[in-house]
Amino acid sequence: MTQKPVLYGFDASTYVRTVRMVLADKGIAYDQVPVNVLAGEPRQPEHLARHPFGKVPVMDIDGLRIRETDAICRYLEDIAPEPSLTPADPKGRARMNEAIGLIDSYGYGALVGVAGYHLFPDFIGGQNENARKAALEASEKLLKLLMDNKNGATWLAGDSPTLADYFLGPIMFYVSLTPDADHVLSLPGVADWWEAMKAHDTFAKTEPDLG
């Protein structure tokens with residue numbers, strides 16, 4: 001790399017934290033430009049020029065602009081393969097890839113719906129009890145599937161943390177701060193996984209300062 005990568009996004013974003021965890025593991029120094037989602041900054045013209053759909057993170061690296069967390073993380077894995085955050089075996093990789101897809105497609109909205117009801121209701125359109133119950137139901141479905149898929153392993157795709165855990169951990173952090181945490185963590189396997197996640201050094205080092 002000829003110059004430091006630049007990460008656009010603020011630390012409280014779950015997806016930005018995912019990228020920050022990967023960067024920390026790889027030992028890659030970078031500069032960060034805060035883009036506050038809760039303040040609506042991704043919808044401002046300056047950031048829309050980087051990401052027309054108004055999302056974070058965005059990363060400028062090696063003369064390339066990469067949008068979307070999965071693409072950023074995969075590129076970082078390619079250019080800095082150690083320590084690996086991708087299972088070496090095909091079945092492990094399949095579990096990881098499926099978990100990331102499930103979290104992106106079904107987990108983020110559900111889990112943020114639960115957390116947002118309590119912590120940032122304005123961000124999700126206000127407190128709606130029916131929406132909270134629906135989000136809890138979808139969260140349970142997602143987490144039960146992820147726990148079943150890991151088949152007794154410590155992490156979502158094996159005995160070492162992978163990108164899949166780095167996607168789920170930052171979202172679960174917010175759920176853990178809510179009155180619904182006990183219910184969510186009571187699902188089989190979730191509490192043990194969450195304890196491992198909390199004890200993981202990279203996760204602890206990237207915890208956002210919520211004031």
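**View 1. The largest pocket holds about 720 Å³ of space.** This is a predicted model, in which local features need pLDDT of at least 70 and side-chain atom pairs count only at pLDDT 80 or more, while totals for chains, interfaces and linings use all residues. Residues are numbered from 1 along each chain as its sequence is written, and side-chain values use heavy atoms, with hydrogens and water left out. Look for Ser13, Val37, Val56, Tyr108 and Phe123, the closest to the pocket centre among its 30 lining residues. A pocket here is an open set of points on a 1 Å grid over the protein atoms alone, where a 1.4 Å probe fits, with protein on both sides within 12 Å along at least five of seven lines; lining residues have an atom within 4 Å of a point. The volume is the space filled by probe spheres set on the points, joined across faces, edges and corners.

**View 2. Helices contribute to the pocket lining.** H1, H3, H4 (90-119) and H6 (163-175) each supply at least two residues, and H4 gives the most, with 4. Helices (H or I, at least four residues) and strands (E, at least two) are DSSP runs, numbered from the N terminus. By type, the lining has 17 nonpolar, 6 polar and 7 charged residues; Ala, Val, Leu, Ile, Met, Phe, Trp, Tyr, Cys and Pro count as nonpolar, Asp, Glu, Lys and Arg as charged, and the others, Gly among them, as polar.

**View 3. An open sheet of 4 strands runs in the order S2-S1-S3-S4, with mixed pairing.** S2 (31-33) and S4 (64-67) stand at the edges with a single partner strand each, so one side of each has no neighbour in the sheet. Two strands pair if DSSP finds at least two bridges between them. S1 (residues 6-8) pairs with S2 in the parallel sense over 3 bridges, and Tyr8 has Val33 in S2 as its bridge partner. S1 and S3 are antiparallel, also over 3 bridges, with Leu7 opposite Met59 in S3.

**View 4. S3 and S4 form a hairpin with 2 residues between them.** The two strands pair in the antiparallel sense over 4 bridges, and Asp60 is the bridge partner of Arg65 in S4. In the turn, Asp62 has a positive phi of about 55°.

**View 5. H1 (residues 14-26) meets H3 (residues 69-79).** Their axes, lines fitted to C-alpha atoms over the stretch in contact, with angles from 0 to 180 degrees between N-to-C directions, come within 10 Å and cross at roughly 5°. The helices are therefore roughly parallel (angles under 35 degrees). Contact (heavy atoms within 4.5 Å) involves residues including Tyr15 and Val22 in H1 and Ile72 and Leu76 in H3.

Terms used
Parallel < 35°, antiparallel > 145°, perpendicular 65-115°, else oblique.
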